[in-house]
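Here's a quick briefing for anyone opening this one for the first time. Have a look at the model below, then read on.

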Amino acid sequence: FALRLAAYESCVKGIKTEMVAHTKAHTQGATRNKEFGNKLGTIGRKEHVDSLKDAFDKVSKAIQGVAEARLEYLGDGEGGGANLIGRLNETKTGVIDPTRSLLNDRAAKVKNVDKEVKNYEAKKTKAGKAAAAAITKQVKAAAKQGIDPPEETPEHASEVAIAGIDMPETLLDARETLKNTDTVVDDILGKYEEMRIVDMQLFLEDFMRREIMWHAKAIELLSPMIGAVREVDGKDAMAQFYKRVEEVEET
């Protein structure tokens with residue numbers, strides 16, 4: 001499970017990196033859009049043909065409106081793409097980090113149980129060796145004195161000594177703590193997949209909605225501009241031109 005968690009974290013990190021770059025690109029693009037819109041407006045104000053001047057003005061404002069929508073939905077400011085990045089941060093702090101912390105806590109509990117088991121086994125081994133050594137010493141003393149050796153054998157003495165070593169409270173407590181932790185882990189891991197999937201669903205849906213809303217706003221603002229541009233009348237432009245020429249000549 002730890003490998004799956006690491007893989008998911010890598011996935012979220014990768015998406016966040018690309019999302020940061022994506023929002024930055026949208027912000028830069030919106031800035032360029034605004035600059036272009038302003039430029040068209042400046043050119044339009046210098047135009048002498050009224051219908052073309054009006055077209056420049058309308059297109060200029062429409063492009064700037066599209067740029068503002070782009071920033072609103074996908075830029076790196078609050079409420080824009082920053083919200084999407086925030087979702088990914090919440091996935092890490094709300095799902096990945098707590099799950100990893102729980103797994104690390106369980107690993108520590110397992111390690112503590114292992115340590116207590118080793119201490120317990122070492123204590124039994126030490127007691128068994130001591131009991132066996134005592135009997136061996138008595139056997140050697142009896143042989144030296146020429147008397148019958150004790151009926152107890154080193155092996156039996158060792159077994160009895162080991163059997164007399166009670167399991168320490170620290171080991172019992174460690175095992176009980178691990179059992180309780182495993183119960184919590186099983187409960188959390190059962191919910192992990194659901195939380196992970198829901199978070200990704202919300203992120204992807206929010207991302208697609210924002211992209212659609214920006215493009216929809218672009219269609220809403222720019223579509224009428226086709227009509228505005230088509231309203232520019234070349235004949236009217238020529239008439240205005242000749243009128244201005246006549247005015248100049250008269251002066």
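Let's start with K124, which counts as buried because its relative accessibility is 16%, and buried here means under 20% relative accessible area, with exposed being over 50% and partly exposed in between (1.4 Å probe, protein chains only). Keep in mind that this is a predicted model, where local features need pLDDT of at least 70, side-chain atom pairs count only at pLDDT 80 or more, and totals for chains, interfaces and linings use all residues. Residues are numbered from 1 along each chain as its sequence is written, and side-chain values use heavy atoms, leaving out hydrogens and water.

**Around K124**
- You'll find K124 in helix 3; helices (H or I, at least four residues) and strands (E, at least two) are DSSP runs, numbered from the N terminus.
- Leaving aside residues up to four places away in sequence, K124 touches I162 and I165, where contact means heavy atoms within 4.5 Å.

**Overall build**
- The protein chain has six helices and zero strands, so its pattern along the sequence reads α-α-α-α-α-α.
- Its C-alpha trace spans about 155 × 30 × 20 Å along the principal axes.
- The radius of gyration of the protein chain is 41 Å, while a compact globule of 251 residues would come in near 18 Å; the radius is taken over C-alpha atoms, and the globule rule is 2.2 Å times the number of residues to the power 0.38.
- Take the contacts between residues at least 6 apart in sequence: 82% of them join residues at least 24 apart.

**Inside the chain**
- Of the 251 residues in the protein chain, 28% are buried.
- The largest nonpolar core holds 19 residues, and Y8, V12, M19, L88 and W214 have the most contacts inside it; such a core is a set of buried Ala, Val, Leu, Ile, Met, Phe, Trp, Tyr and Cys residues joined through side-chain atoms within 4.5 Å.
- At least two residues of this core come from each of helix 1 (2-45), helix 2 (50-74), helix 3 (81-145) and helix 5 (169-230).
- Helix 3 gives the largest share of this core, six residues.
- A separate core has eleven residues, including Y120, A161, L171 and A174.
- Not counting residues up to four places away in sequence, L88 touches V12, I15, K16, M19, M200 and F203.

**Surface**
- Carbon and sulfur atoms own 57% of the accessible surface of the protein chain, which comes to about 16,500 Å² (Shrake-Rupley method, 1.4 Å probe; for residues, only the protein chains shown count as cover).
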